[in-house]
Amino acid sequence: MHSTLSDVFISHPIHIPLSNLPDFTSLRHLPDSYTWTPKDDLFFSASSSSDESLPFIDLSDPHVATRVGHACTTWGAFQITNHGVPSRLLHDIEFLTGSLFRLPVHRKLKVARKDDGISGYGVARIASFFNKQMWSEGFTVVGSPFDDFHKLWPMHHLKYCEIIQEYEEHMQKLAAKLMWLALGSIGVDEKDIEWAGTSSDFQGAQAAIQLNHYPICPEPDRAMGLAAHTDSTLMTILYQNDTAGLQVFRDDVGWVTVPPVPGSLVVNVGDLLHILSNGIFPSVLHRARVNHLRSRFSMAYLWGPPSDLMISPIPKLVDPLHSPLYPSLTWKQYLATKATHFNQSLSFIRNYLPSDQIF
Ligand SMILES: C=C1C[C@]23C[C@@]1(O)CC[C@H]2[C@@]12CCC[C@@](C)(C(=O)O1)[C@H]2[C@@H]3C(=O)O
Ligand SMILES: O=C(O)CCC(=O)C(=O)O
Ligand SMILES: [Fe+2]
């Protein structure tokens with residue numbers, strides 16, 4: 001049978017009790033279980049005093065490849081405009097996300113993600129690595145959302161399925177374009193990535209859509225929306241509504257807020273592109289903070305290779321001076337590693353020689 005990302009957690013279930021799903025609306029003060037201190041997350045403090053900001057790139061700029069390459073090398077992230085995704089579609093996906101999270105909890109629980117499942121409603125998987133609870137709720141789509149959407153909106157599910165499908169089509173094209181811009185900047189071309197296919201459009205790629213909701217929070221400075229993590233993807237393309245919250249981390253700068261710019265998208269380098277580029281592009285550590293006055297929505301398109309395809313540093317980037325930093329592994333194997341080692345996953349696999357059998 002064709003294997004998909006959905007099989008990943010069958011052998012790596014993660015138990016996050018349903019009691020972890022908070023009733024945000026009734027809380028006037030931050031309960032202890034939501035109060036984060038530097039003890040709960042090594043990166044909790046370290047805010048930036050610098051005026052550095054994430055590169056903002058116009059995709060119609062004649063020097064776009066150089067700019068993307070520079071952003072990927074220095075930040076592992078950037079913001080884009082003129083990306084070709086219709087603003088009507090961005091509006092639709094934001095509307096879908098708002099409609100989903102505004103449903104009463106008992107309706108959302110009908111599509112709760114199973115411990116060994118990938119799709120559905122719940123708190124982010126990374127919750128299992130922390131003692132404190134995150135001030136957010138999420139919904140993950142992998143494959144067709146038809147069954148879940150039918151349960152959520154018996155009357156309007158088809159309209160919402162169409163939005164997801166159209167969003168995926170646009171994001172897939174955009175991800176392929178960004179991938180070639182990034183790789184092109186380091187001398188990698190179509191001939192070097194066989195799985196990109198004859199049309200070089202990465203047709204076999206797989207993806208997840210993660211919808212996030214960060215409700216209004218009574219004490220935002222002591223809460224955490226989504227704790228610091230890197231994505232396991234090749235690239236992630238994120239759309240955020242008009243409320244700030246996303247922050248990216250750079251060792252020499254600290255945490256930097258990515259301001260919402262209407263119609264723009266945020267692009268993150270994920271762990272698999274870091275591996276593919278043999279460490280040239282860092283996968284960016286990022287997190288979401290929360291807000292006292294406004295709730296925030298974000299919609300992430302998590303894009304990766306076919307789930308069973310072996311990924312390793314591109315041979316062109318390896319030579320006697322640049323030995324391969326990582327062994328070969330599939331996205332599924334990497335997600336399983338991430339389910340155990342979380343933010344230490346890259347250093348965990350780095351300790352294996354390229355020829356070692358980890359799995
Ligand atoms: C394909 C995936 C990437 C992801 C885990 C997942 O199976 C589906 C959800 C993704 C997400 C979104 C929120 C942050 C994140 C770390 C998480 O807990 O779930 C990412 C996962 C990832 O990139 O590792
Ligand atoms: O909400 C955000 O800005 C970040 C979301 C995110 O990092 C994710 O879904 O992986
Ligand atoms: Fe993320």
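# Legends to the close-up views

**Lysine 108 lies in helix H3, which comprises residues 105–108.** Helices (H or I, at least four residues) and strands (E, at least two) are DSSP runs, numbered from the N terminus. The structure is a predicted model, in which local features need pLDDT of at least 70 and side-chain atom pairs count only at pLDDT 80 or more, while totals for chains, interfaces and linings use all residues. Residues are numbered from 1 along each chain as its sequence is written, chains are lettered from A and ligands numbered from 1 in the order in which they are written, and side-chain values use heavy atoms, with hydrogens and water left out. Lysine 108 counts as buried because its relative accessibility is 4%; buried means under 20% relative accessible area, exposed over 50%, and partly exposed in between (1.4 Å probe, protein chains only). Setting aside residues up to four places away in sequence, lysine 108 touches Leu100, Phe101, Leu103, Tyr121, Glu137 and Leu152. A contact is defined by heavy atoms within 4.5 Å.

**The iron ion (ligand 3) is held by His229, Asp231 and His286.** The coordinating atoms are NE2 of His229, OD of Asp231 and NE2 of His286, at 2.1 to 2.2 Å. Along the chain, the donors follow the spacing H-x1-D-x54-H. Histidine 229 belongs to strand S6 (residues 226–229) and histidine 286 to strand S11 (residues 285–288), so the pair ties together parts that are 57 residues apart in sequence. Histidine 229 and histidine 286 are both buried. Donors are N, O and S atoms within 2.8 Å of the metal (3.2 Å for Na, K and Ca); water is not among the atoms, so sites may look incomplete.

**Asparagine 82 and phenylalanine 202 are shown for their backbone angles.** Most residues other than glycine have a negative phi. Asparagine 82, although not a glycine, has a positive phi of about 55 degrees. The loop that holds asparagine 82 runs between strand S2 (77–81) and helix H2 (87–101). With a relative accessibility of 48%, asparagine 82 counts as partly exposed. Phenylalanine 202 also has a positive phi, near 50 degrees, and lies in the loop between helix H5 (157–184) and strand S5 (206–214). Phenylalanine 202 counts as buried, at 0% relative accessibility.

**Threonine 337 is a residue of helix H7, which spans residues 331–341.** Its relative accessibility of 4% places threonine 337 among the buried residues. Apart from residues up to four places away in sequence, threonine 337 touches Phe342, Ser345, Phe348, Ile349 and Phe359.

**Serine 6 sits in the segment before strand S1 (56–58).** A relative accessible area of 29% makes serine 6 partly exposed. Once neighbours within four places in sequence are left aside, serine 6 is in contact with Ile118 and Val142. Between serine 6 and valine 142 there are 136 residues of sequence separation and 6.9 Å of space, C-alpha to C-alpha.

**Lysine 173 and serine 347 lie in helices H5 and H8, respectively.** Lysine 173 is exposed, with a relative accessible area of 63%. The C-alpha atoms of lysine 173 and isoleucine 275 are 22 Å apart in space, and the two residues are 102 residues apart in sequence. Serine 347 is 90 residues from threonine 257 in sequence and 26 Å from threonine 257 in space, C-alpha to C-alpha.

**The context for these views is the whole protein, with eight helices and twelve strands.** The radius of gyration is 20 Å, close to the 21 Å that the globule rule gives for 359 residues, so the protein is as compact as a globular protein of that length. The radius of gyration is taken over C-alpha atoms, and the globule rule is 2.2 Å times the number of residues to the power 0.38. Taken along the principal axes, the C-alpha atoms fill a box of roughly 60 × 45 × 45 Å. Of the 359 residues, 55% are buried. Among contacts between residues at least 6 apart in sequence, 77% join residues at least 24 apart.
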